[in-house]
Amino acid sequence: MMGAAGEVWWAGARDGLVSASCRVRNWATIAHLGASLGPRRLRVALRKHPWLRKLLLVNRLQDRLTQSRCGAYRQANAILVSSIADTLREMLEGVFLHPDLTVVHEDLVPPELLFGMGLRPWMAELLGIVLPMLDPRACEPYIDRAEIEGIPSDLCSLPKATLGIVLQGQMPAPRAVVSSNMPCDGGMAQYTIWERKLKAPLFQLDVPYDFYDERAVEYFAGELRRLVAWLQEHTPGRMDWDRLREVCDERNRAVEAQIELWDMLRVRPAPMAAEPIYLANMVYVVARPGMRRSTEVMRSMARLARENLEQGKGALPVEKHRVALWNPPTMMFLDLFAWAERTWGVSLLMDMITFHRHPFIDTRSEDTMLRDLARIVMQGPMARHTRGPADNFFRDLFHLVDHFGLDMIWMAANVGCKNTQALMGMLREKCRTQGVPLLVIDYDLLDARVESQEGIRSQVDRFMQTVMRQERLS
Amino acid sequence: MTGVVLDRLFGELCDDPAHAVVTRAREQGRRAIGYACSFVPAPLLSVEGIFAQRLRAPGTCGTPLADTYLSSVGCSYPRSVLEQAMDGRLDHIDGWVMVSSCDPMRRMVDNLRYLCDPRFCVMLDLPHKKGPHAEAWYAQELRRLAQALSKAFGVDTSDDALRASIRRHNAHLATLRALSELRKKDPPPMSGADFHRIVVASFTAPEDSLRSRLDAMLASMAEASGPEKRTQECKRAAPRLLVVGSCIDDPRHVEVVESVGGVVVADRHCFGCLPGLEPIAEDGDPAAAMAAHALRTTQCPRMMGAFEERVAYLMGQIRAWGADGVVLETMKFCDLWGVEGAALVAALRDAGVPVLRLEREYAGGNEGQLRTRVQAFLEAMGR
């Protein structure tokens with residue numbers, strides 16, 4: 001029998017081993033990318049797309065997300081970062097080796113249809129999301145570039161940074177672009193400039209304002225049919241309904257694992273938290289649904305949560321508070337919750353981007369698949385909160401408070417998001433009425449010059465001390 | 001200019017949406033239906049028993065109440081409307097008809113419902129695309145609105161009643177269009193600010209209450225303006241400007257632009273002559289006709305995939321109205337016009353059209369700065 005000291009030593013060694021093996025895996029992923037592109041193509045790619053160099057920071061990201069965590073929670077984060085790195089490699093290989101099949105899609109337009117047509121999806125906003133994860137200041141030059149070109153400084157920095165990459169000529173050239181009117185005016189409007197700059201054909205899906213009825217499903221399923229026809233006209237892609245069925249079935253399996261994970265989060269202390277919930281969702285349910293790897297990652301997250309649950313352990317050593325984060329996560333401060341966990345015992349259990357009420361896709365016929373995909377797109381993450389009446393924004397939020405037994409709501413009030421800024425007054429009053437403490441974090445999604453990480457930490461500290469009357473753990 | 005004096009009523013209506021003309025109509029039993037924005041067909045709100053009033057908030061000095069809810073980083077037009085709704089200045093509005101045109105407008109309606117709970121408030125679900133599917137969708141929305149109006153106000157919104165309303169509205173538009181056409185003359189018979197007063201007033205009062213005055217105005221303008229008198233040399237002296245933008249409903253703003261020597265001959269904005277003065281089809285299904293009119297004539301940047309079409313339209317209007325330059329006015333915090341503005345400036349400059357881009361707030365102000373910017377622009381144009 002191992003003594004208590006031995007157990008601690010063994011746990012520490014195992015944690016170290018997990019980090020080391022993922023670190024090696026990450027280097028292997030980078031080497032793999034270089035090998036597949038070959039020296040000449042790699043040189044050209046690095047010159048045309050200098051942001052590729054940021055991938056070398058992947059192990060630093062892994063450290064930020066694993067060092068303060070332990071056991072299954074640490075392992076989940078390490079697996080997640082390594083998997084994301086490898087997924088990114090796959091996507092980059094698609095872009096550089098098969099540009100003819102590459103179709104850019106807006107982040108809220110899920111790519112199942114593109115997979116079904118044998119095309120290579122590249123998420124338009126991917127770089128604006130991934131680069132600040134690797135380097136919090138990575139998007140600043142692109143934001144500046146967009147502003148120099150006349151894009152208003154008050155526009156949300158995600159479309160602004162994305163536009164900056166396009167205007168800088170650093171966005172991989174696609175065969176076609178597919179976007180929509182989601183999630184907001186700025187996100188939608190940016191594609192005018194995409195179209196002009198990249199000279200690529202553009203199709204924009206039109207999501208109705210009120211999308212919770214059959215009339216909207218019918219209209220939007222029609223939009224998806226028109227998209228398929230348009231893609232067949234403008235790309236070499238051809239719809240293979242059997243392949244789409246496989247993609248949808250795979251997606252269903254990943255969501256099944258996700259729902260299992262969510263069920264476990266209701267337990268106190270929660271056996272999993274933060275990135276394995278929201279980052280895994282962002283990459284493997286939103287950006288890459290229907291891939292075998294997506295199911296594997298979601299199952300790994302659920303398996304590791306179950307491991308903790310069976311041992312009666314929480315993800316955090318001390319779970320003092322359970323939180324939902326509303327609005328997209330703070331991409332320029334991705335390790336906010338790694339810090340909040342060790343400083344205040346705050347466990348992030350759910351967020352706006354992750355929580356959904358999507359149906360499993362009924363794969364019995366082309367029509368059922370399109371109709372369920374229509375529902376998924378219209379009711380997609382964030383889209384259903386920023387479209388439609390305000391009730392869409394609040395209903396999910398207060399449901400989460402009850403469902404997951406949350407102590408407070410953190411609102412990541414991205415200054416560029418005018419849509420949700422215009423709901424802040426109502427949100428404050430509703431939280432007050434329901435007795436739910438609300439922290440409003442004033443910041444910019446991608447631009448640390450507006451509010452630094454230190455500034456965000458101070459906002460959290462002040463809230464925890466004055467509103468929650470808590471003492472710091474460390 | 002011809003020296004024709006504009007009826008004072010037009011200016012008064014611009015300053016006061018609850019003017020005596022409006023009050024009188026309400027005392028006679030007609031209900032005022034406030035609406036925004038250009039996509040809402042006025043004839044549907046102008047059947048017997050009700051009249052349409054485009055929602056405006058003139059005289060707004062600040063928006064402290066609205067800022068609490070909408071935040072100060074949103075478009076100042078919906079903030080101003082909400083402010084006036086909250087402080088009672090829009091109490092003469094009996095019903096609200098809004099459209100999901102942009103994020104700030106949608107959120108304004110959310111907050112209006114939360115804070116003021118108006119008895120009648122309908123949000124029309126407006127597609128972001130043109131084409132037959134979108135028109136069919138929007139026509140259905142208009143039918144839904146017609147039913148709701150009928151139920152709430154007991155008015156007749158049958159197809160026949162709507163067709164009659166469309167005919168009256170078309171007659172009204174024809175007068176405005178004729179007035180607008182006069183501005184193609186050089187020199188134009190009226191200033192851009194005066195034309196703006198006429199349009200804004202006609203969006204504010206019941207259309208029938210202005211008909212005789214508008215007809216009289218048109219007759220005197222047409223008589224006074226006569227044939228073009230200027231020589232080519234003279235034309236060079238008075239730069240003709242086309243104002244482009246969103247919600248510009250304060251004629252004093254246009255006055256400032258004109259005070260430094262330019263003359264605004266055409267206005268491609270929500271309260272201007274381009275587009276919107278085109279007649280609506282009078283036969284067939286009225287809802288379908290109004291939906292088609294709204295979606296086919298619009299030049300709003302909230303419509304997806306139509307940028308090149310908008311540029312082509314604008315270039316055509318620049319030629320048609322003999323404009324020497326474009327003043328592009330975008331509302332601060334408007335994402336749609338913010339991005340459109342960047343692309344539009346580049347497209348116009350590529351086409352060799354001088355363009356001045358101004359960022360403004362709904363309530364105006366900063367007259368000195370505005371005057372300096374326009375003056376510098378005219379000098380840069382060589383005027």
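Good morning. In chain B, strand β5 (residues 240–245) and β6(B) run parallel and are joined by five bridges; two strands pair if DSSP finds at least two bridges between them. This is a predicted model, in which local features need pLDDT of at least 70 and side-chain atom pairs count only at pLDDT 80 or more, while totals for chains, interfaces and linings use all residues. Residues are numbered from 1 along each chain as its sequence is written, chains are lettered from A and ligands numbered from 1 in the order written, and side-chain values use heavy atoms, without hydrogens and water.

Within this pairing, B:Val244 has B:Arg268 of β6(B) as its bridge partner. Strand β6 of chain B, residues 263–268, is mostly covered, with six of its six residues buried (under 20% relative accessible area, 1.4 Å probe, protein chains only).

I turn now to the interface. Chain A contributes 47 residues to the contact and chain B 41, contact meaning heavy atoms within 4.5 Å. The buried area is about 3,800 Å², with 54% from carbon and sulfur atoms; this is the accessible area (1.4 Å probe) that the two parts lose on being put together, summed over both.

The rule finds five salt bridges across the interface, each a side-chain nitrogen of Lys or Arg within 4 Å of a carboxyl oxygen of Asp or Glu. B:Glu141 forms a salt bridge with A:Arg215, with the closest N and O atoms 2.8 Å apart.

Note on methods
Buried means under 20% relative accessible area, exposed over 50%, partly exposed in between (1.4 Å probe, protein chains only). Helices (H or I, at least four residues) and strands (E, at least two) are DSSP runs, numbered from the N terminus.
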